[in-house]
Amino acid sequence: DNAKMPVITFETTNHDFGNLMQGEKVSYTYKFTNTGKAPLVISSVVPSCGCTVAQFTKTPIMPNGHGTVSINFNTETKRGMVQSGVIVQANTYPSETKLTFTATVNSKN
């Protein structure tokens, strides 16, 4: 019954870092609200590549409560247009929410 389920509502699911220099390390925090009727639990956040590390709220988020998913992106091995992201797995329906980010990585030389 979806009426009694948690719902993860992100302020934004995509972030553009704009122009970065190769080797730069940047981070961004996606903020969300549990707009459902039950406690929301994130089980894991899976990065789509090794260039990204994620941290997230590990405690249950009550209805109307807030949480975050933070990503750290390392441009060391990247060049040009980059589109990457993470998959947030939670006790929601659907169980996976995709968060993406884009950047243009300029080489040092």
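Before you start, note that the model is predicted: local features need pLDDT of at least 70, side-chain atom pairs count only at pLDDT 80 or more, and totals for chains, interfaces and linings use all residues. Residues are numbered from 1 along each chain as its sequence is written, and side-chain values use heavy atoms, with hydrogens and water left out.

**Stop 1: the sheet.** Show the cartoon and look for four strands that form an open sheet in the order β2-β8-β7-β4, with mixed pairing. Strands here are DSSP runs of E with at least two residues, numbered from the N terminus, and two strands pair if DSSP finds at least two bridges between them. At the edges are β2 and β4 (42-47), each of which pairs on one side only. From one strand to the next, the twist averages 20°, using axes that are lines fitted to C-alpha atoms and angles that run from 0 to 180 degrees between N-to-C directions.

Now select residues 80-90, which make up β7; this strand and β8 pair in the antiparallel sense over 10 bridges.

**Stop 2: the rings.** A pair of aromatic rings is described by the distance of the centres and the angle of the planes. Rings of Phe, Tyr and Trp (its six-membered ring) pair if their centres lie within 6.5 Å; planes under 30 degrees apart count as stacked, over 60 as edge-to-face and the rest as tilted. By this rule there are five aromatic pairs. Select F17 and F73, a stacked pair with 6.1 Å centre to centre and 25° between the planes. F17 lies in β2 (residues 14-21) and F73 in β6 (residues 66-74), so this pair ties together parts 56 residues apart in sequence. F17, at 15% relative accessibility, counts as buried, and so does F73 at 1%. (Buried means under 20% relative accessible area, exposed over 50%, partly exposed in between, with a 1.4 Å probe and protein chains only.)

**Stop 3: a serine.** Move to S107, in the segment after β8 (96-106). S107 is partly exposed, with a relative accessible area of 25%. Leaving out residues up to four places away in sequence, S107 touches M21, Q22 and R79, where contact means heavy atoms within 4.5 Å. To finish, select T75: its C-alpha atom is 9.7 Å from that of S107, and the two residues are 32 residues apart along the chain.
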